[in-house]
Amino acid sequence: MQTITILGATGSIGSSTLDVISRHPERYKLYAVSGFSNLPRLADIVIKHEPEYAVVHTEKDAIAIKTLIQERSSRFSEKSVFPKILCGQQGLIDIAKESAVDTVMSAIVGAAGLMPTMAAVKAGKKVLLANKESLVMSGELFMKAVEEHGATLIPIDSEHNAIFQCLPYEYQYGKTQESGISHILLTASGGPFRCMMPDELENVTPDQACAHPNWDMGRKISVDSASMMNKGLEFIEAKWLFGVNEQDIKVVIHPQSTIHSMVQYRDGSVLAQLGNPDMRTPIAHALAFPQRIESGVDALDFFALADFSFEKPEKDRFPNLFLAMEASALGQAATTALNAANEIAVDAFLTGKLKFTDIYKINAQVVERAHNVTLARLEDILAHDEACRAYAKESIAEINA
Ligand code: NDP
Ligand code: MG
């Protein structure tokens, strides 16, 4: 029996994880969950899955969630079945490192996921990593901590999970020179704006940006997919996860999202992982690794596939992707800056305070301003992240002045 903490249980990845684990009650026991703004959803999760701990943002939320749970289920008026409610970042860290936990699903969106994920790593857990922002912010320190503390890191991001599956077992974490790999081929759907001209993008709305053709995801990652910043973040994520250099990773647009990524070898072989676009596949793979379990995802029907095509990404249409590749080569300060700026810019876009095309401008300005800093410790990274968020807000104010 594996005991599991889900950081970000109320989100899209959190929901898919709950779906997979509820299919295998003999293998998985939910130990702890966290939510943030969606307390009704968190209350429903507690009632259905009966974890021992639930984490909310504030003390006020802790009172609110107890009331919600009691209102929705008479069983929970009894104290004996009530979970312990914790609050804030310390609560997240506690459920990530708790000794009773075997596996931590890291599915909080954005920089808020870094410290709890790091806590799970430092406690030597099996860490299922959806929160790519942790690696973009702190790749080198993060991977060092994985090694030092004996954590098992398994990627959830569908592309990285695919690459992980296509790599030989003993080379899943680096040593690519010895493994005979020529390239990692990171596939991208191209998002909802793939066929639009650059000048048409200026007035797109948040709802248009979030209407992804293949994947159903949270709003922040959906906007990142539309701008292809998501692929940029994944480029940086792949570099750290698999211990490769920038020139070892190529991005290929594959609009159908059937191939989830590939590894090309020196002998000419290309290994690909295919499947329907449903995050329950990588989640089930990571949960059961190295075994395989049923995930609830339909088998791929090759005769129903209408098309299977590939395109090269263009810089004028997807400047954020190329900015991320440049930031990756510049180093940790640049990628931390990029992530911070992008979170602020995407939030401004989603709340109607910034045009879609200005996300790139904000990101580029902050990377230019803040890439030349040495970040030796986690505290330096957090301080740099904070400073870059302030720079991004200044840039947004200037654009809107
Ligand atoms: P969602 O927005 O659907 O969910 C985010 C989760 O994080 C929710 O549980 C949310 O709580 C919680 N959360 C938000 N802000 C905070 C905060 N400040 N502190 C603590 N918790 C917070 O996102 P997704 O599930 O789509 O994505 C989660 C992560 O997985 C992201 O890093 C994303 O890049 C990555 N990912 C997602 C994929 C997908 O298919 N969805 C695919 C690959 C990677 P609440 O809802 O209660 O506010
Ligand atoms: Mg992905």
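A backbone N or O atom of glycine 218 sits 2.9 Å from an oxygen atom of ligand 1, a polar contact (a pair of N or O atoms within 3.5 Å). The protein covers 86% of the 900 Å² of accessible area that ligand 1 has on its own, with areas taken from the Shrake-Rupley method and a 1.4 Å probe. Bear in mind that this is a predicted model, where local features need pLDDT of at least 70, side-chain atom pairs count only at pLDDT 80 or more, and totals for chains, interfaces and linings use all residues. Residues are numbered from 1 along each chain as its sequence is written, ligands are numbered from 1 in the order in which they are written, and side-chain values use heavy atoms, leaving out hydrogens and water.

Back to the ligand. Glycine 11 has a polar backbone atom 3.2 Å from an oxygen atom of ligand 1, and for valine 109 a backbone N or O atom lies 3.4 Å from a ligand oxygen. There are 23 residues around ligand 1, and Thr10, Phe36, Ser37, Asn38 and Glu133 come nearest; being around it takes a heavy atom within 4 Å. Helices α1 (12-22) and α6 (132-149) each supply at least two residues of this shell, a helix being a DSSP run (H or I) of at least four residues.

Now for another spot: aspartate 385, which is found in helix α16 (residues 378-400). Is this residue buried or exposed? Aspartate 385 counts as buried because its relative accessibility is 6%, and buried means under 20%. Setting aside residues up to four places away in sequence, aspartate 385 touches Ala111, Met137, Thr336 and Ala340, with heavy atoms within 4.5 Å.

Notes:
Buried < 20%, exposed > 50% of the residue type's maximum accessible area, 1.4 Å probe, protein only. Polar contact = N/O pair within 3.5 Å; in protein donor to acceptor, adjacent residues only side chain to side chain.
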